[in-house]
Amino acid sequence: MDFTDVSLTALRVFRAVAEQGTFTAAAASLGYTQSAVSRQIAALERAAGTELLERRRDGVRLTAAGRVVMRHATVVLDEIDATARELSGLPGQAGTVRLGWFPSAGAVLLPRALAALRRTDPGVRVVSREGSTPALVRALRAGSLDLALLASAPPFRPPDAESPPLVLQTLTERALCLAVPATHPLARGDFVDVADLRGQRWIASTSSGEERLMGVWPGLDERPEIAHTARDWLAKLHLVAAGCGLTTVPAALAATAPPGVRVLPVHGGPQEQRRLLLARLPHRPTEPVTRVAAALRAAALDLDVPVPSSPPR
């Protein structure tokens, strides 16, 4: 089969696999069986005359040929979608920016940036979605996101090893904080000593695709007691308010803590820094993408001020 004869379905399946990282996840997102996804990818690779995906134990990665196909497939699929919108009578979406964000960025930064953008650039439409940092990076590579807000922890490595490297800008770098029940003995001061974290009960979760615990103080020199697991930040903070345990939080979430929670810095050890990154592919951004990026940078500057410890409530 000549590559000019490939189907739009095959291109959509290919983009989904590249974005989701596995055949199984792509099948679930599309509502297909895994065997159907495998057949579409096999047909596409036969037409290309080469492998487009590198199969690895932890998922798939685009080959050099796969990156070429993905770049052009994204253009084709976006044009087909735009044609469908125009034919159905919907307004054009030339000013649409697709933005991804990791969970805590959606609590404070994202709403501020979007509110400001509505005032300054009402013609720019932002379509956003939440995801883990690895999933957002794959979506950028697959061309289904224009921008992504990513989380980064020491040693601050690039979010992936693909080529070309993503364009990354650090929006904020802040120390990790601790959310403590207001009735807890640790809440009596203006900070928590790292030595006092031994023997505490924790509210934690695991990051998608990773084994690292989220919510437990990094480098704790004991096996932590996990009292509760929750993926949602608001659920974690309300569990803290109920006296169920402690959890780590980005400093920016201090303002969103519910009554019954104190957000405190931790002293007595290496500072646990966290970066908020704005990422995009290295091609020239469109004007709407540039404006959304500027709004996110401005919102981050507004938030990047020292956060005093929250008073007891």
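This is a predicted model: local features need pLDDT of at least 70, side-chain atom pairs count only at pLDDT 80 or more; totals for chains, interfaces and linings use all residues.
**Helix 8**

I started with the length of helix 8, residues 287-303. At 1.5 Å a residue, its 17 residues should span 24 Å, and the end C-alpha atoms sit 25 Å apart, so the two agree.

Next I looked up which residues of helix 8 are buried. The list is Pro288, Val289, Val292, Ala293, Ala295, Leu296, Ala299, Ala300 and Leu303. They take up an arc of only 160° around the axis, so they lie on the same side of helix 8. On the face turned away from that buried side I found Leu301 and Asp302, which are exposed.

What do the buried residues of helix 8 pack against? I noted strand 3 (96-101), helix 5 (109-120), strand 4 (125-130), strand 5 (147-152), strand 6 (167-181) and strand 14 (273-280).

Then I checked the backbone here. Most peptide bonds are trans, and most residues other than glycine have a negative phi. That made me curious about a few spots.

The bond from proline 154 to proline 155 is cis, with omega near 10°, and proline 155 belongs to this loop. Serine 163 and proline 164 are also joined by a cis peptide bond, with omega about 0°. I found proline 164 in the loop between strand 5 and strand 6 too.

Phenylalanine 156 sits in that loop as well. Its phi is near 55°, a positive value although the residue isn't glycine.

Conventions: Residues are numbered from 1 along each chain as its sequence is written. Side-chain values use heavy atoms; hydrogens and water are left out. Helices (H or I, at least four residues) and strands (E, at least two) are DSSP runs, numbered from the N terminus. The expected span of a helix is 1.5 Å times one less than its number of residues. Buried means under 20% relative accessible area, exposed over 50%, partly exposed in between (1.4 Å probe, protein chains only). The arc is that of the directions from the helix axis to the C-beta atoms. Contact means heavy atoms within 4.5 Å.
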